[in-house]
Amino acid sequence: MKKSDLYMVIIVIAIILMFISLTSWVLNQSNLAILSANFGVVLLVVMMLWQHRES
């Protein structure tokens, strides 16, 4: 798997988690909303740090 494909998969997973967060917030499931939003942000931060580590 190429790096660009891996980055794209991570971004798609993070977007899905943000959508789950928004949906669960609308449905008054605050714990799930907070957990999924935080996990999506952590995925994006780790990907960004990993990408900039090499340069």
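Reader: Where is Asn28 found?
Author: Asn28 is in the loop between α1 and α2. Helices here are DSSP runs of H or I with at least four residues, strands are runs of E with at least two, and both are numbered from the N terminus.
Reader: Before we go on, what are the ground rules?
Author: This is a predicted model, where local features need pLDDT of at least 70, side-chain atom pairs count only at pLDDT 80 or more, and totals for chains, interfaces and linings use all residues. Residues are numbered from 1 along each chain as its sequence is written, and side-chain values use heavy atoms, with hydrogens and water left out.
Reader: Back to Asn28. Is that residue buried or exposed?
Author: Exposed, at 69% relative accessible area. The cut-offs are under 20% for buried and over 50% for exposed, with partly exposed in between (1.4 Å probe, protein chains only).
Reader: What about phi of Asn28?
Author: Near 60°, a positive value in a residue other than glycine.
Reader: Which residues does Ser36 touch?
Author: Leu17, Ile20 and Ser21, leaving out residues up to four places away in sequence. Contact means heavy atoms within 4.5 Å. Ser36 belongs to helix α2, residues 30–53.
Reader: Why does Ser36 count as buried?
Author: Because its relative accessible area is 5%.
Reader: And Ser21, what does that one touch?
Author: Ala33, Ser36 and Ala37, with residues up to four places away in sequence not counted. Ser21 lies in helix α1 and is buried too, at 11% relative accessible area.
Reader: New topic. Which residues make the nonpolar surface patch?
Author: Met8, Val12, Ile16, Ile20 and Leu32, making about 430 Å². Patch residues have over 30% relative accessible area and no salt bridge; nonpolar side chains (Val, Leu, Ile, Met, Phe, Trp, Tyr) are joined within 5 Å, like charges within 9 Å. A salt bridge is a side-chain nitrogen of Lys or Arg within 4 Å of a carboxyl oxygen of Asp or Glu. Areas come from the Shrake-Rupley method with a 1.4 Å probe, and for residues only the protein chains shown count as cover.
Reader: Which helix gives the most to the patch?
Author: Helix α1, residues 3–26, with four residues. Ile16 lies in that helix and is partly exposed at 47% relative accessibility.
Reader: What sits over the ring of Trp50?
Author: The charged end of Arg53, 4.1 Å from the ring centre. The rule wants NZ of Lys or CZ of Arg within 6 Å of the centre and within 35 degrees of the ring normal.
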